[in-house]
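Please take a walk through this two-chain model with me, one region at a time. Have the viewer open and follow along as we go.

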Amino acid sequence: MIKKNILLLAMILLTMLEISAQKFFTKTGTLDFEASVEAFEPVKASHSSTTAVLDASTGKIAVLALVKGFRFKNALMEEHFNENYMESDELPKTKFEGSLGNFSVNDLKSGEEKEFKIDGNLTIHGITKAIETLAVLKMNGKDISLTTNFSVLPADYGIDIPSVVKDKIAGKINITSNFNLIKR
Amino acid sequence: MAKSHKKKVVLILGGILLLALFFGYRYINQEHRDISTEKAVFEVGAQQLSNDFKNNEEEATKKYLNKTLQVKGQITTVEANSGSLDNAVFFILGHKETVVQKSLKGKVVTIKGRCIGYDNLLEEVKLDQTTIIE
């Protein structure tokens, strides 16, 4: 009887482990943003070491981009971005915590794109706001690829753009992310 | 007399303007830091670096963020252009070097890169623009 119980317990534990192991992640996700205005120097940067973790059993997703990792073509622009706008010495992280609506990993088919609603909290410059957008997921062999495309307003995140450069920076910032999540 | 004086002033002003333009242009188009040629501010073991962040992230951030670090540790994972030391420090190469040799896995190496902060999701310190020194 005891033996049977132990066996049952072991089986439950194993199943729990199996479920908790359903994590997909990347350490080298791409996160780009652009706030360019036509006829002026492009205001854009790319981050190629963004971390993202997707819990495939719940659809919960967490994304972290260390602000210093955003690279601009123009070194001075990168410096101003860090020092004047993002204050990355004091606020080194940009993150998102949220979930994919009605997510089931079994709904993903190889090479077939599927759209999910994604909502959660986006933290930029130390300010957290709820956002909602769409994510496109696809099975890529054993990996899951996830892309999103949305925009934010700098003012929502307490980022002041001085009037001197207001004409050269778009009021809306487009953010694109591209993650190839591998099974942990 | 008055004429040559005027000429002098124009010349000096023109010179100043040219210098201002030159330095202004240089300032606006300044080069990026080249981490691979910078001297490391700290030389530290991968475990130690990771422990510093785990024990007090705020203090470690103040100490290491945006600084060039030389880190020693065993290569535990190798990806296309990135890898990790002692499962505790993630590094991604600069654009000049693009591939981490698969054969390096398990080897103890020293790398030099810029610390961009602590990834609390995967509990790893992150370095970018890294070069593998030895």
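Setting aside neighbours within four places in sequence, A:Asp55 is in contact with A:Gln22, A:Lys23 and A:Lys60, where contact means heavy atoms within 4.5 Å. A:Asp55 belongs to strand S2 of chain A; helices (H or I, at least four residues) and strands (E, at least two) are DSSP runs, numbered from the N terminus. With a relative accessible area of 18%, A:Asp55 is buried, because buried means under 20% relative accessible area, exposed over 50%, and partly exposed in between (1.4 Å probe, protein chains only). The C-alpha atoms of A:Asp55 and A:Lys183 are separated by 9.9 Å, although these residues are 128 residues apart along the chain.

A word on the ground rules: this is a predicted model, in which local features need pLDDT of at least 70 and side-chain atom pairs count only at pLDDT 80 or more, while totals for chains, interfaces and linings use all residues. Residues are numbered from 1 along each chain as its sequence is written, chains are lettered from A and ligands numbered from 1 in the order in which they are written, and side-chain values use heavy atoms, with hydrogens and water left out.

Let us turn to the pockets. A pocket is an open set of points on a 1 Å grid over the protein atoms alone, where a 1.4 Å probe fits and protein lies on both sides within 12 Å along at least five of seven lines; lining residues have an atom within 4 Å of a point. The largest pocket has a volume of about 980 Å³, a volume being the space filled by probe spheres set on the points, which are joined across faces, edges and corners. Of its 46 lining residues, the closest to the centre are A:Phe33, A:Ala35, A:Val43, A:Phe72 and A:Phe81. H2(A) gives the most to this lining, with six residues. By class, the lining of the largest pocket divides into 36 nonpolar, seven polar and three charged residues; Ala, Val, Leu, Ile, Met, Phe, Trp, Tyr, Cys and Pro count as nonpolar, Asp, Glu, Lys and Arg as charged, and the others, Gly among them, as polar.

The second largest pocket has a volume of about 490 Å³. Of the 23 residues that line this second pocket, A:Arg71, B:Leu93, B:Gly94, B:His95 and B:Gln129 are the closest to its centre. Its lining has four nonpolar, 13 polar and six charged residues.

How do the chains meet? Here 26 residues of chain B are in contact with 29 residues of chain A. The two chains bury about 2200 Å² between them, 58% of it on carbon and sulfur atoms; buried area is the accessible area (1.4 Å probe) that two parts lose on being put together, summed over both. On the chain B side, B:His32, B:Leu121 and B:Leu122 lose the most area to chain A, together 28% of what that side buries.

Finally, look at helix H3 (residues 57–64) of chain B, where B:Ala60, B:Thr61 and B:Tyr64 are buried. Seen down the axis of H3(B), the buried residues fall within an arc of 105 degrees, so they line one face of the helix; the arc is that of the directions from the helix axis to the C-beta atoms. On the other side of H3(B), B:Glu58, B:Glu59 and B:Lys62 are exposed.
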